[in-house]
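Open the structure in your viewer and keep the selection tool at hand. This tour says what to select at each stop and what is there.

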Amino acid sequence: MTRPAQIIRDGNGKAAFAVLPIAEYERLLEAADEAAAIQAYDAYRNASPETFPDGVAARLLEGEHPVKVFRDHRGLTQTQLAEAAGLKQSYVSQIEVGTRNGSVDALKRIAQALRMELGDLT
């Protein structure tokens with residue numbers, strides 16, 4: 001049987017502190033941790049972040065250019081991506097093979113066309 005909490009009152013008789021058995025304290029900590037984990041999971045699930053197949057991650061880890069990887073993942077040709085970003089196909093090709101870095105403006109436009117964050121492409 002759990003002992004009730006001991007209430008310590010201030011000079012005005014108002015409850016100021018509660019002293020409780022360590023087992024009850026540890027149970028409350030565990031419940032708070034579980035509630036925080038559920039809240040974090042719900043926030044993640046409600047944000048609906050996009051996930052990618054393992055193959056996309058593997059290609060990125062192997063060093064393939066992110067523009068090419070995400071373009072392929074979105075099912076676009078270089079021409080389609082270039083048109084959506086307002087760029088020339090040859091410029092997109094040069095970025096993908098690494099002969100050009102691409103300006104920040106061009107990469108922003110590519111990211112927008114791919115529905116990605118700029119940081120995902122750099």
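A salt bridge here is a side-chain nitrogen of Lys or Arg within 4 Å of a carboxyl oxygen of Asp or Glu. Side chains of opposite charge can pair when their charged atoms come close. The model is predicted, and a search of the whole structure finds 9 salt bridges.

**Stop 1: Asp72 and Arg59.** Select these two residues and show their side chains. They meet in a salt bridge, with 2.7 Å from N to O. The pair links distant parts of the chain: Asp72 belongs to helix H3 and Arg59 to helix H2, 13 residues apart. Asp72 is partly exposed, at 29% relative accessible area. Arg59 also counts as partly exposed, at 22%.

**Stop 2: Lys68.** An α-helix has 3.6 residues a turn, so residues three or four places apart point the same way. Lys68 is partly exposed, with a relative accessible area of 27%.

**Stop 3: Arg74 and Glu50.** Clear the selection and pick this pair. How far apart are the closest N and O atoms of the salt bridge between Arg74 and Glu50? The distance is 2.6 Å. This pair, too, links distant parts of the chain: Arg74 is in helix H3 (residues 66-74), while Glu50 sits in the loop between helix H1 (22-47) and helix H2 (54-61), 24 residues away. Is Arg74 buried or exposed? Arg74 counts as buried because its relative accessibility is 17%, and the cut-off for buried is under 20%. Glu50, at 42%, counts as partly exposed.

**Stop 4: helix H4.** Select residues 78-85, which make up helix H4. Colour Gln78, Leu81, Ala82 and Ala85, the buried residues of this helix. These four are on the same side of H4 because they cover an arc of only 100° around the axis. Turn to the other side of H4 to find Glu83 and Ala84, which are exposed.

Next, show what covers the buried residues of H4: the cover includes H3, helix H5 (89-97) and helix H6 (104-113).

Technical notes
Residues are numbered from 1 along each chain as its sequence is written. This is a predicted model: local features need pLDDT of at least 70, side-chain atom pairs count only at pLDDT 80 or more; totals for chains, interfaces and linings use all residues. Side-chain values use heavy atoms; hydrogens and water are left out. Helices (H or I, at least four residues) and strands (E, at least two) are DSSP runs, numbered from the N terminus. Buried means under 20% relative accessible area, exposed over 50%, partly exposed in between (1.4 Å probe, protein chains only). The arc is that of the directions from the helix axis to the C-beta atoms. Contact means heavy atoms within 4.5 Å.
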